[in-house]
Amino acid sequence: MLKNAKIGAKLSVGFGILIATVIVISTMTIVAFTKVNEEVINLVDVNLVKLNNASTIESLVKDQLSAYKSIALGEDYAQNRRIINNSISTNNSEIESISKLLNPENREEAALWTTFINARTAFRTAMTIMDGYIEAGDEENILLYGGNEFTKRQTDYISAVMNFADFQAENMNSAGSSIEYTIQKSIYSFIFIIILGLLVSITFAVIITKMITKPLTECVDIAQNIGSGYTDIKISVDSKDETGLLKSAMKNMVESIQKMYNDCVILSKAAQAGNMQKRINASNHENDFAKLVDGINGILDGVVYPMKETMEVMDRIAHKDLTARIVTKYPGDFEALTNNINLAAQTLEESLIQVDMAVEQISAASNEISSGSQTLAEATSEQASSLEEISSSLEEINSLTGNNADNAKSGLKLADLAVLAVDAGNEAMEKMNNAMEAILKSSQETGKILKNIDEIAFQTNLLALNAAVEAAHAGDAGKGFAVVAEEVKNLALRSAEAAKNTNDLIDEATRNSEMGSRIVEQVTKSFMEMKDQFNKVKSIVNEISASSDEQAHGVNQINTGVNEMNRVTQQNAANAEESASAAEELNSQAAELKGMVGSFNISKKHTAVGYRYTTQNQKALNVTNERRKTPTQLTYQKSQKAYEAKPETLLPLDSLDDDFDDFK
Amino acid sequence: MTKKEIVEASSHEGKYLTFNLMDEFFGINVERILQIIAIPDITQIPKTPLFVKGVINLRGKIVPVIDLRLRFKLPEQEYNDRTSIVILKFQTEKGEIFIGIIVDKVIEVLDIHKKEIENTPTFGVELDTKFIQAMAKVKNKVVTLIDVGNIFTDTELIQIQKSK
């Protein structure tokens, strides 16, 4: 029922409920306030006045009493009388106003009021008596009466007033409680009504709002979907209000777009499938969509014609006729397209010509590589055999070095022995020297003795000559004596001769001894030198021993290096073989490529294009020549590369390259 | 050879003491010889001829000594343990005097016969021929026989004598 109502009606219902709630709450408020107001007015205008008047009466009576006391004490009579009179008149008016306000239904109040009136009458009587005594100046009675009867009346009077006042105060209290109760009740009622109203209002507000916003949100979603490019949207119209109208309008819109989209999809699928003849029927669409369809059809037409020619040209190119070109002029981007295709065909043709030439060069280069790789392989195998020789030589060196070390050790022992022997020889030489000196000494002694003998022989000779002279002097008598003298002389000569011979022998012995002494000195010196030399020999032998150890160490390092070189060489050999087989494969592939290139129709422009690439061709030839010149360098670089490629396989030597430099 | 010469030569026959000077053999007749001694200490005398070497004490007698090498103007030689002195006797007006001559070496006392003696040659001898009495050939050696009386002139003898 509500669902099909217009949005205005829905909103009216909602707001009506809200307004009704407000009206109920307002009415209730007014009633409650009126009641409270009445009670408050009653309280203020009646009870409070009564209380006030009673209080005034009480204070005035107390004033009258103090006035009377002043009078009794003989103070200013006139003034006190005026106070008394004024209070009486005021009391009268007060009493009159109270009596007007008395609640006739309240019996307790009436009883209290009667008691008060009676007390007042009694007090007024007492006052009159008192006044009589004052007029008469009967001070004794004033004091007597004033002290007893008058004071009693006055006290009764005040208590009556106070009772009345208390009653009024109590009344006011109960009235206040009543007001409080009324207000409390009103508040609870308000809260209940407000909650009820709020619940109803919110329920309705939510229902109505949902009724309005739900279709609107759906519409917004639809619009967003369309905006996001979705067209496959189902819309159900389930109400007849404005939102329903909006949804049905959107449904129409979506259907139009869907139709357009579906046609476009069919067209594009046909185009994707290669059917470029498919077109959209413009009569199925209206207005701008119809124009759009016409435009799309036109685009297809504009694409299809150049494409057709392009297809033909491409077909020719596909059948290896690289001379095919698009001849028709097409406007706009198609001109660029056709130009590009033509340029592509031309470039392809030129490239193939270049490929043809390059293939020939590759063929030549692969031959070069093949022969170079074979050379490398041979060189590597030679290197490997050299390395084998080096390795075996190193082993020999190693064993020789070991021998060296052993020999050095035994040489050291021999040197020690030799030093000992030299010391012994030195000692023997010293002894020999001593012996020589002894010989020399005794020779000298013998020489002296011989000299004496010679002297004696000379003297004997002289004696014999003198005897001969004497014998001659004696003439014939001395003849016998002369013979004796001759004999003596001969003996002396023989003695001298013998002494001389002995002396010669002694001299020779002395000379020999001296020579022996010198020789001993020389020998001793030689022995000392020998000892020094042996010590030097010892240190040298020690050095040789240490050097041998170092040499052994070095040889081991070299051996490791040579092994590494061997490994690298093996790798080189493998690489060279691979390179050779790769070159052969390259050669066969180049031949295949040449056959493939030959099947293309490119002969027309061959010379012109060929001229254009002569410089590059020349460069390529130069490169080939360089390779031919330095095959060893190339292989070296290759091995170097292979070596660098695996740095983790490097030997842990201090500086491998330096070590190898030493052996170059 | 004249007759006189032969007589002269034969008159030189007798016993001679042979000695060496410069490895040459000389001979002096033993009649003129007092004694032969080994060379003793010689006391030099100033202001005497060069060949006078000094004087020696021969058993209490002062005997002048001359070097025969110097007297014969031969080169001087240092004395050695073979150098000897031959003491000669001279008859002067003042009586008999002794003079020692220093020779390199005394050899022996020889009997020289007249067949071995030859007259003084006119050449081939280093000495002044006035000192030479004769030449003798003995045992394959040539011995120059010295004429002792001609070794010193009389003035020389006086001079030598003065040096005592």
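Predicted model: local features only at pLDDT ≥ 70, side-chain atom pairs only at ≥ 80, totals over all residues.
## Extent of the interface

Chain B puts 19 residues into the contact, and chain A puts in 14 residues. About 1,300 Å² is buried between chain B and chain A, with carbon and sulfur atoms giving 60% of that area. On the chain B side, the residues that lose the most area to chain A are B:I36, B:R82 and B:V109, which together account for 34% of what that side buries.

## Polar contacts and the salt bridge

Five residue pairs are in polar contact between chain B and chain A, counting pairs with both residues at pLDDT 80 or more. One salt bridge is found across the interface of the two chains. B:R82 pairs with A:D454 in a salt bridge, and their closest N and O atoms are 3.0 Å apart. B:R82 is also among the residues of chain B that lose the most area to chain A.

## Makeup of the chain B side

Four strands of chain B, namely β1 (14-21), β3 (33-38), β6 (84-92) and β8 (105-112), each supply at least two residues of the side that touches chain A. The largest share comes from β3(B), with six residues. Sorted by class, the side of chain B that touches chain A holds 10 nonpolar, six charged and three polar residues.

## Helix α4 of chain A

In chain A, helix α4 spans residues 139-228 and bends by about 50° at A:G146. A:G229 follows α4(A) and has a positive phi, near 100°.

Technical notes:
Residues numbered from 1 in each chain as written. Chains lettered and ligands numbered in written order. Heavy atoms only, no water. Contact = heavy atoms within 4.5 Å. Buried area = accessible area lost by both parts, 1.4 Å probe. Salt bridge = Lys/Arg side-chain N within 4 Å of Asp/Glu carboxyl O. Polar contact = N/O pair within 3.5 Å; in protein donor to acceptor, adjacent residues only side chain to side chain. Nonpolar A, V, L, I, M, F, W, Y, C, P; charged D, E, K, R; others polar. Bend = angle between axes of the 7 residues up to and from the residue.
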